[in-house]
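These are notes for a colleague who is opening this model for the first time.

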Amino acid sequence: MASKASKKSAVFARAKPAEQERRATLWWAHALVVSGLMLANLAFYQGTVGLGFLSVDDPDYIQNNPLLNGFGASNLKRILIEPYFANYAPLNILSYLLDVALAGGKSATAIHLSNVLWHGWVVCMVYLLAFTIRAEIFTAAAAALLFLLHPAHVEVVAWISSRKDLVATGFAALSMTCYLLSRRRSTRPAWWYWASVFCFLLASAAKQSVVLLPLVMLLWDLIVENRRGWRVLADKIPFGLLTIFFGWMTWHAQPSTNQTWSPFVLAATAFTNLWLLTGLGQYVLYRPAPHATAWPKIARVAMISAGALIWLLPLLLGKVLVRLREALKGQRLQREPRSTPRPVLLRSSPGAFSATFIGLCYWVLINMAPLMVLNFIVPITDRYLFLPSVGVCLLLAQSASEVAGKGQRARWLGYALLAGIAIAWSAKTSNYINEWRDPRSVWYGAHLKTKNPQVFQFLGEIYHNAGERIDNFIKSGAGVSPTNEIQLAQAVLNDTTLTEQLRDEWSGITPARTNSLIYRDRLWSLAWDQYEEAVLRRGTLSAPNLFMNRGRLLVSQGKPAQAIPEFQKALVFGQTSSYDVIRHEMVTHALYAIGVAHWNLRNYPEAQQWLLKAQEAQRKSGHGWIPSLDRDVERIKSLAASQR
């Protein structure tokens, strides 16, 4: 007996160092994978660092954001308590504030680099979650790599204003990881649980698209871990309270979109989002919303019914997977001799994969729901898919690993499946990043892929503003940035000779400005064409900025009389805006623009009336939208008095 005990202790003595060595190797493997993912992410998205600010939302979130002026107590209080720009996302604002502090100013380059680093961090959180679900480094690394390469993520990384999706998704994935660990760890389970609650708090404070994560946790408990009892619901109470709070804050911060809620639009949006989540769709900023009137009634009913059945599909597929696995296992047992050792395919029960499959499917469906239910004007947007795509990448990686575990031939099939997806996604993502880097802006590539009127409007603004810069150079000799402007001119003109002549004029080598005049008129012509296209495709969309831009362009071209009707349309749209800040600002600018147009026509008494209305609107708003307005009012009063 003593000899047996001594032999047993010797075995344990030899096994303990071996186990310690295995764990050490595991940590080294994790470190290598995480380092590789971060470097790959930086290399893949480094082309977005120099993009600069986008004309949409970036001015409000960064350039003109009064909350980014420092970490003072009063400023922090405003960030934590008050909604900003129709959103309650204090952690998102704090992330920008930290970037500005570290960069010493509102540097687009620094903030873009921060976006890339945030994306790398989210990739690592996906790796951590994947390893927690299935403790295989290869599977977790594959899931994280697929997430890194997904083409729907370009918008989130390249657009500064999409930072909230990065922050929210990273903490949501970490919250789910901590929650799963709280169920599996024998030591300090309460610590992991409250860490999960805290991470969910941070995620919700970045963007409220994560508010249904507790429902994902509940279904995971019921389907994957087969938990029952009152504790299943009790665990979700802190999460539910946070969901109610942040949901309420968002509901009151968001203005009405004046869009009629439609079950057809909801169903059609769901199917479009699912197609985009495959990584094989067409990725673009802004898409037109589905139009129910373009479909026959029977097709609309079928779409709505199919949209409802989607929620049952994971359960049906899960049952099919279980039956298929049992059938394959039975065939293998019949073929193999009893003495043939069979590889262990999973570290869990035979139904574990199908249960995980169902759980991840509901991760996708549930996390798609919040932003569709809010009934936005543009319900289908790539950035809305960032959190749901976590489930897609986990699902693909786990499915490929499951296939690879069926034998030698199946292993190569699983690897080929992952490689094929990675290659296809990386190609699409690289092409889309190049669209963002186009000198004509990302709107140029977008207008070739979508018929959304806002895309044409924003591309028109690019041409319009470039023409204004050249016009300023022609009239005052103001400096032109040769590098940026030459790249745009070459893309617009596709004429190397004319582009070089423009370079000489802007550098002062050639005193004449003839080519600049030609180029300016070309830019303004392109801008008007895009504005016209936007008007044709506007439908019922309220577009005050579109008509303001059209009026301003006409004024720049010396056509103030034609500009006045455009400004009046902008005024009508501005007065009906459901967002108070936008309404006050647009009304003030429209009134002022009408007054200035009459001023240019020397109708001074008429101009005075409009400028006085603009002055009154600005004072009521409590903002200084037009700093020179009071001075302009005094000047026009003098001119009007002299004309009487």
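By about how much of a helical turn are E500 and R503 separated in helix α22?

1. E500 and R503 are about one helical turn apart, being three residues from each other in helix α22 (residues 496-507). Helices here are DSSP runs of H or I with at least four residues, numbered from the N terminus. The model is predicted: local features need pLDDT of at least 70, side-chain atom pairs count only at pLDDT 80 or more, and totals for chains, interfaces and linings use all residues. Residues are numbered from 1 along each chain as its sequence is written, and side-chain values use heavy atoms, without hydrogens and water.

2. The side chains of E500 and R503 form a salt bridge, at 3.3 Å from N to O. The term means a side-chain nitrogen of Lys or Arg within 4 Å of a carboxyl oxygen of Asp or Glu. E500 is partly exposed at 35% relative accessibility, and R503 is also partly exposed, at 32%. Partly exposed lies between buried (under 20% relative accessible area) and exposed (over 50%), with a 1.4 Å probe and protein chains only.

3. R520 and D521 form a salt bridge at 3.0 Å, N to O. Here R520 is buried at 13% relative accessibility, whereas D521 is partly exposed at 40%.

4. In helix α28 (residues 629-643), K637 and E634 sit three residues apart, about one turn of the helix. Their side chains meet in a salt bridge of 3.9 Å, N to O. K637 is partly exposed at 33%, as is E634 at 46%.

5. The structure has 28 salt bridges. A network of them links R183, D221, R227, R231, D235 and K236.

Note on methods:
Helix = DSSP H or I, 4+ residues; strand = E, 2+ residues; numbered from the N terminus.
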